[in-house]
Amino acid sequence: MRTALFRSLAALLAAGGSALLPAAAVAAPTPSPGATPVTRAGTSFLTATPITAGQPVRVDASVGDHLYWSFAATAGQVHEISATVSFPKARSGASTWTVDVFDGLRRRQACTAGAQTPTVDAQASSVMLGCTLREVRPWAEPWSADPLPGTYVVRLSVVDLPEPDLGAPIDVDLLVGTVADHGASGDDGELAAPLQPNTKAGTVLNAVPPVDPEADDEGDSPADWLPDLGSRWVWTGIGGVLAAVAGVVGFALTRRPRRR
Amino acid sequence: MINFRRSTAVLLGLLATTALAGPLPAAADDEEPVAEPPRVELVLDVSGSMRAADIGGRSRISVAQQAFNEVVDALPAETQLGIRVLGATYRGKDKKVGCQDTQQIVPVGPVDRARAKAAVATLRPTGFTPVGLALRSAAQDLGTGATTRRIVLITDGEDTCAPPDPCEVARELAAQGTSLVVDTLGLAPDEKVRRQLLCIAGATGGTYTAAQSAEELTDRIKQLVERAGDTHTLAPTVVGGANACDSAPLLAPGVYADREAFSEHRYYRVPVRPGQELRASVSMALDRPVNRDYGVLLRATAADGRELVRGADAGSGRADVLSAGLRWSASADDEDATEAEATPTAAEPTTVCLVVSNSFAPRPGTAATPGMPVELTIDVVAAAPAPDGPDLGRGWVLLALLTVAGLLTGLLAGLLTRWWVATWREN
């Protein structure tokens, strides 16, 4: 009886609350249909070529180039990077390739899976690299190194090789895919601004700038104490209804059986 | 919290939008028109060795000429291109004279395609290879300014005129203040040439390519010219860090470039108000041969030297840059925050010192000066306070608990009612 009730409730939740409950999808990265392929790459953090998840990259480069791309990530997403480097020409020895990922503050990101630093011998005609990143957190303390929403930078390079192989042509294929998107609830906090690098040229100040008093005037919203819209409202609401029904049932149980 | 504020703002109209837009970096600055077009100079070696016919049966010079023609044809309209040659005119044997032999055959500016092609077509392989001098002159041709300049050096032989050593020239040019990148293309599979070009490229953050066919050469030059158009506006402001916090330069959000010697500490200051978050990152470029293992450390300290937070990274082997970053929130510092809140004027900024240090070690023979390139990115944004505990619940356990609680309450209420009704009836 109870299981049936739960099942029907679950069905109700799935049907009614799908807009509020973030959908989770797990799949290997595949190019989005109709995505325009990117044919360029940057050569530094500042000049990283922006790409989007699902947009294939195909670029001609030279062995030894450090190639940079950047993509945006939001809270709850898990990204997987896969890259293939093909060598049209013979090489003289084994080489080690790496795909490094950095966040908007140029902090190195860990890969949870994937061949991040593969080594190939001289005969191989291509090498495949991969990196699955951690799930992006919506908020983290300033001191932590958790992955946060914002820009991520991918750097593809060769870290070890015989020097004569430098400069030879290579073809690089790269794809950044969103393999999961769990969404984020506002209850877990939110960054005031995503970790997007400031790429403007800076200005050296002569003195500490005066405070603009209006900039601080945030203006408290009257409904600030209300929790964010989200699945918790649905769960708690249904819990309330269940409690009320159970209360009535409980009340009814205590009634004396009617005498006829 | 802010998420909800945003949704409230949507519901209530544009009431809160100004408040939200306040602390965010002003978007208007990004749309500032760029005054300067991308500037590129192709530097072509026309020394005697370019006569060698070893690229698919054709001479190196004819391949280079063909590539130049195609590049000039495909040049983006806004790009200003110049062409400089070296070793093109002097036929004699006097090294002193031959090593001064470099001319700009197409001045950097909007390109007159027919003229540029005609100038390239008349080139005949002739003299010496004064790469260092040609690089120095090319940097002068491109002039100074706030945007990145790019030199594409195409050569088949090592510099026959050192000193000046081309690699040292490249490092010196890169340290001069104007953002300059030298991309190199080697036309001959020669070890010395490769070493030299790799050194030049590494010193300026450029690339090295060994071009072994006309197609490869053309595609690569086109790619480099295109890249110049994409990236020329992203030149950082040059700043000189101090060796103590008190005298350090005060920096606004943005990107800065500096140089740091081996084992040096460089200090910068950033004003951060309560309720703001400091974000800083630093990259140090490996522009010269260094020992295998290395590291970079970025620390944020208070004015009294107490460490607030640090970011560090270490690495080994071949790399272009090593970077680290940190976040620090002013409101998190209890003392400063309460002090600031106590005063009615409020928001007296805390000055945070950023200390950049490195653990690079030079290989024997590696020049220590100028220091290694440092790129510092600073941003000050609104702080993100820690989230409060959730006010609502979620999950099956919650539903079960509420149901059981409801049931128990119902039972209790029912029992009480029965007892009360029974008592009332008896009376």
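**Close-up 1. Val204(A) and its bridge partner in β8(B).** In this predicted model, Val204(A) has Leu251(B) as its bridge partner in β8(B). The pair belongs to a strand pairing across the two chains: β11(A) and β8(B), residues 250-251, are joined by 2 bridges. The two strands run antiparallel.

**Close-up 2. The contact between chain A and chain B.** Chain A brings 77 residues to this contact. Chain B brings 96 residues. On chain A, four elements each supply at least two residues to the side that touches chain B: β2 (57-62), β9 (150-160), β11 (204-205) and α2 (231-253). Which element of chain A gives the most to this side? α2(A) does, with 18 residues.

**Close-up 3. Residue classes on the side of chain A that touches chain B.** How many nonpolar, polar and charged residues does this side have? There are 37 nonpolar residues. Another 23 are polar, and 17 are charged.

**Close-up 4. The two domains of chain B.** The domain assignment places domain 1 of chain B at residues 39-231. Domain 2 of chain B covers residues 237-382. Taken over C-alpha atoms, the centres of the two domains are 36 Å apart.

**Close-up 5. Where domain 1 of chain B touches domain 2 of chain B.** Domain 1 of chain B puts 6 residues into the contact, and domain 2 of chain B also puts in 6 residues. On the domain 1 side, 2 of the residues are nonpolar, 3 are polar and 1 is charged.

Notes: Residues numbered from 1 in each chain as written. Chains lettered and ligands numbered in written order. Predicted model: local features only at pLDDT ≥ 70, side-chain atom pairs only at ≥ 80, totals over all residues. Contact = placed C-beta atoms within 7 Å. Nonpolar A, V, L, I, M, F, W, Y, C, P; charged D, E, K, R; others polar. Pairing = 2+ DSSP bridges. Domains from an automatic or database assignment.
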